[in-house]
Amino acid sequence: IAYILSIATIGVTGAITALADTLFPSTSMQHTLTEQMQPNAHILVYLRIYHPILALVLGFLVIMSIRIFIKDSTATIAKIKTALIATILVQVVLGFANILLLTPLFVQVIHLVTADIIWLLVVILFLNHKLLFYELVVTQILHKVVMKKLFLELIVDRILLFWIMKH
């Protein structure tokens, strides 16, 4: 859930930043910084700074938590983890390019498509991880059921054997 909330937060702040960049385009980095310091600037201009900061912090936390908490239990999960981490790093580079190039449309589109790929990879990773978890749980339950059945059969066999020997 923390991953989904982090990515949703980055997405919401990204949408606000994209709207601000579209409505109030910058002509230079100095213009952007000066505009944000103006007391009468639009609220979207003030909020523009939060997306890069949150994206860096939450992106780092997501990468670290994926590396720590999700074990490479299968080759598929290991590949998805690697792809997700690499895509997040590419996204950070695209974000910096977006800022430095003053948000040209083609970089914004690539940045947005990469965000969609990250979302898909997160969903795929957790579906695979959960399926593996459920498979493990079902296997354990079946093992217990089989062991109980075998144990009951053994007891019934012993009782029958004892009864036959007595009669």
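How many salt bridges does the count come to? The count comes to 2 salt bridges, a salt bridge being a side-chain nitrogen of Lys or Arg within 4 Å of a carboxyl oxygen of Asp or Glu. This is a predicted model, in which local features need pLDDT of at least 70 and side-chain atom pairs count only at pLDDT 80 or more, while totals for chains, interfaces and linings use all residues. Residues are numbered from 1 along each chain as its sequence is written, and side-chain values use heavy atoms, with hydrogens and water left out.

**View 1. Salt bridge of Arg48 with Asp21.** The closest N and O atoms of this pair are 3.1 Å apart. Helices are DSSP runs (H or I, at least four residues), numbered from the N terminus. Arg48 and Asp21 are both buried, that is, under 20% relative accessible area (1.4 Å probe, protein chains only).

**View 2. Salt bridge of Arg48 with Glu35.** The N to O distance here is 3.5 Å. Glu35 lies in helix H2 (residues 29-37) and Arg48 in the loop between H3 and H4, so the pair ties together parts that are 13 residues apart in sequence. Glu35 is buried, as is Arg48.

**View 3. Network of Asp21, Glu35 and Arg48.** Salt bridges link these residues in a network.

View 4. The mean pLDDT (the predictor's confidence in each residue, from 0 to 100) of the chain is 86, and 95% of its residues reach 70 or more.

Methods. Buried means under 20% relative accessible area, exposed over 50%, partly exposed in between (1.4 Å probe, protein chains only). Helices (H or I, at least four residues) and strands (E, at least two) are DSSP runs, numbered from the N terminus.
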